[in-house]
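Hi everyone, thanks for coming. I'd like to walk you through one model today, so please have a look at the screen.

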Amino acid sequence: MLGVYGSGALLRTVALLRWRHRVRRPSPAELLLLGLATQYVTRLIAKDTVTAPIRAPFTRFEGPAGEGEVNERAIGTGVRHVLGELLSCPFCLGQWVATGLVATNVAVPPFGAATTTVLATAQVSDHLQLAYAALRHRQ
């Protein structure tokens, strides 16, 4: 998987050389949005019950993990096990997702900015929902 990631990153780098005039250092606000969006997508892929069918060929359900999330473990051997580890670990997915979001923001700025903003907004919304539920539970 490291080879796949490395090859993909190299290809994106070569492709982005064509757009080097558009590559700039992101502002602190953009970094915050990218961080929120990356965290949202990685948890959606790795932990959400809705995406469990995508992980099912590579993982085994171990139990609930909280609000709409599950704990799973990788199964099988070889590539199947590696994919199970990747798809069930938000920390492992973070680098992949961040690379894709940054590349999209550089290659197609309007689409990348809109996508990042939607994902970051959904992340903030999730935290507000959890805070609201916690406040109601305390009453």
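**Helix by helix, then the hairpin**

Let's begin with helix 1, where the buried residues are Tyr5, Gly8 and Leu16. Keep in mind as we go that this is a predicted model. If you look down the axis of helix 1, those buried residues sit within an arc of 70°, so they line one face of the helix. What do they pack against? The buried residues of helix 1 pack against helix 5. Turn to the other side of helix 1, and you find Leu10 and Leu11 exposed.

Now for helix 6, residues 109–138. Its 30 residues should span 44 Å at 1.5 Å a residue; the end C-alpha atoms are 43 Å apart, which agrees. Which residues of helix 6 are buried? They are Gly112, Thr116, Leu119, Ala120 and Gln123. The cover over these buried residues includes helix 2 (28–47) and helix 5 (90–107).

Finally, the strands. Strand 1, residues 59–66, and strand 2, residues 69–74, run antiparallel and are joined by 6 bridges. To find your place in the pairing, look for Pro64, which stands opposite Val70 in strand 2. The hairpin formed by strand 1 and strand 2 has 2 residues between the strands, and Gly68 there takes a positive phi near 70°.

That's my tour; happy to turn the model around for anyone who wants another look.

Conventions
Residues are numbered from 1 along each chain as its sequence is written. This is a predicted model: local features need pLDDT of at least 70, side-chain atom pairs count only at pLDDT 80 or more; totals for chains, interfaces and linings use all residues. Side-chain values use heavy atoms; hydrogens and water are left out. Helices (H or I, at least four residues) and strands (E, at least two) are DSSP runs, numbered from the N terminus. The expected span of a helix is 1.5 Å times one less than its number of residues. Buried means under 20% relative accessible area, exposed over 50%, partly exposed in between (1.4 Å probe, protein chains only). Contact means heavy atoms within 4.5 Å. The arc is that of the directions from the helix axis to the C-beta atoms. Two strands pair if DSSP finds at least two bridges between them.
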